[in-house]
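Here is a short briefing on one protein model. Keep the sequence and the 3D view open as you read.

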Amino acid sequence: MNILHIIPYYAPAWSYGGVVRAATDMTRAQVEAGHSVTVLTSDTYNATERLIKLRETIDGVEVWRVRNLSNNLRAKLNLAQPWRMPATVKLVLRQHKFDIVHCHEVRTVE
């Protein structure tokens with residue numbers, strides 16, 4: 001099965017708590033079960049830093065990151081603004097045929 005996860009923050013952005021841990025553990029388990037897993041997330045690492053790599057593979061999971069507009073607003077208002085997310089979703093959907101899309105924290109992803 002081909003699975004896409006859309007989440008505002010993903011490993012190694014552990015400072016954002018349980019949803020990051022839960023999604024990371026879930027995607028690893030899905031890979032171990034033989035599934036093809038892709039994650040679409042932001043580049044936010046913590047309140048002051050960004051992750052440099054915009055595309056990488058972590059434990060067999062293909063990770064695509066889009067730039068978060070402002071880490072300052074993210075930290076102060078808990079507001080993720082991955083401004084290229086809609087265009088990147090379209091690109092990822094053109095490149096892959098997914099059987100399921102799992103959206104984490106839908107109210108957070110703009």
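A charge sits over a ring if NZ of Lys or CZ of Arg is within 6 Å of the ring centre and within 35 degrees of the ring normal. Arg21 meets that test: Arg21 lies over the face of Trp14, at 4.0 Å from the ring centre. The model is predicted, so local features need pLDDT of at least 70, side-chain atom pairs count only at pLDDT 80 or more, and totals for chains, interfaces and linings use all residues. Residues are numbered from 1 along each chain as its sequence is written, and side-chain values use heavy atoms, with hydrogens and water left out.

**Overall layout**

- The protein has 3 helices and 5 strands. Helices (H or I, at least four residues) and strands (E, at least two) are DSSP runs, numbered from the N terminus.
- Along the sequence the pattern reads β-α-β-β-β-α-α-β.
- Of the 110 residues in the protein, 43% are buried. Buried means under 20% relative accessible area, exposed means over 50%, and partly exposed is in between (1.4 Å probe, protein chains only).
- The protein exposes about 6,000 Å², and carbon and sulfur atoms supply 55% of it. Accessible areas come from the Shrake-Rupley method with a 1.4 Å probe; for residues, only the protein chains shown count as cover.
- Contact means heavy atoms within 4.5 Å. Among contacts with a separation of 6 or more, 65% are between residues 24 or more positions apart.

**Nonpolar cores**

- In soluble globular proteins, nonpolar side chains tend to be buried together.
- A nonpolar core is a set of buried Ala, Val, Leu, Ile, Met, Phe, Trp, Tyr and Cys residues joined through side-chain atoms within 4.5 Å.
- The largest nonpolar core has 9 residues: Ile7, Tyr10, Ala11, Ala23, Val37, Val39, Ile58, Val61 and Val63. Strands β2 (36–42) and β4 (61–66) are the elements that give two or more residues to this core.
- Val63 touches Tyr10, Val39, Thr41, Leu54, Arg55, Glu56 and Ile58, not counting residues up to four places away in sequence.

- Thr27 lies in helix α1. Thr27 is buried, with a relative accessible area of 0%.
- Thr27 is in contact with His5, Tyr10, Val37, Val39 and Val61, leaving aside neighbours within four places in sequence.
- Helix α3 (residues 85–95) has Met85, Thr88 and Val92 as its buried residues. Seen down the axis of α3, these buried residues fall within an arc of 65°, so they line one face of the helix. The arc is that of the directions from the helix axis to the C-beta atoms.
- The buried residues of α3 pack against β1 (2–6), β2 and β4.
- Lys90 and Arg94 are exposed, on the face of α3 turned away from its buried side.

**Rings and charges**

- The structure holds 1 aromatic pair. The rings of Tyr9 and Tyr16 have their centres 4.1 Å apart and their planes at 15°, so the pair is stacked.
- Rings of Phe, Tyr and Trp (its six-membered ring) pair if their centres lie within 6.5 Å; planes under 30 degrees apart count as stacked, over 60 as edge-to-face and the rest as tilted.
- Tyr9 is buried, at 3% relative accessible area. Tyr16 also counts as buried, at 16%.
- The charged end of Arg55 sits over the ring of Trp64, 3.8 Å from its centre.

**Loops to look at**

- Pro8 is in the loop between β1 and α1 (18–32). At 1% relative accessibility, Pro8 counts as buried.
- Pro8 and Asn68 are 60 residues apart in sequence and 9.1 Å apart in space, C-alpha to C-alpha.
- Pro12 is found in the loop between β1 and α1. A cis peptide bond joins Ala11 and Pro12, with omega about 10°.
- Asp59 is in the loop between β3 (55–58) and β4. Asp59 has a positive phi of about 50° although it is not a glycine.
- At 45% relative accessibility, Asp59 counts as partly exposed.
- Asp59 touches Arg28 and Val31, not counting residues up to four places away in sequence. Asp59 and Arg28 are 31 residues apart in sequence and 6.5 Å apart in space, C-alpha to C-alpha.
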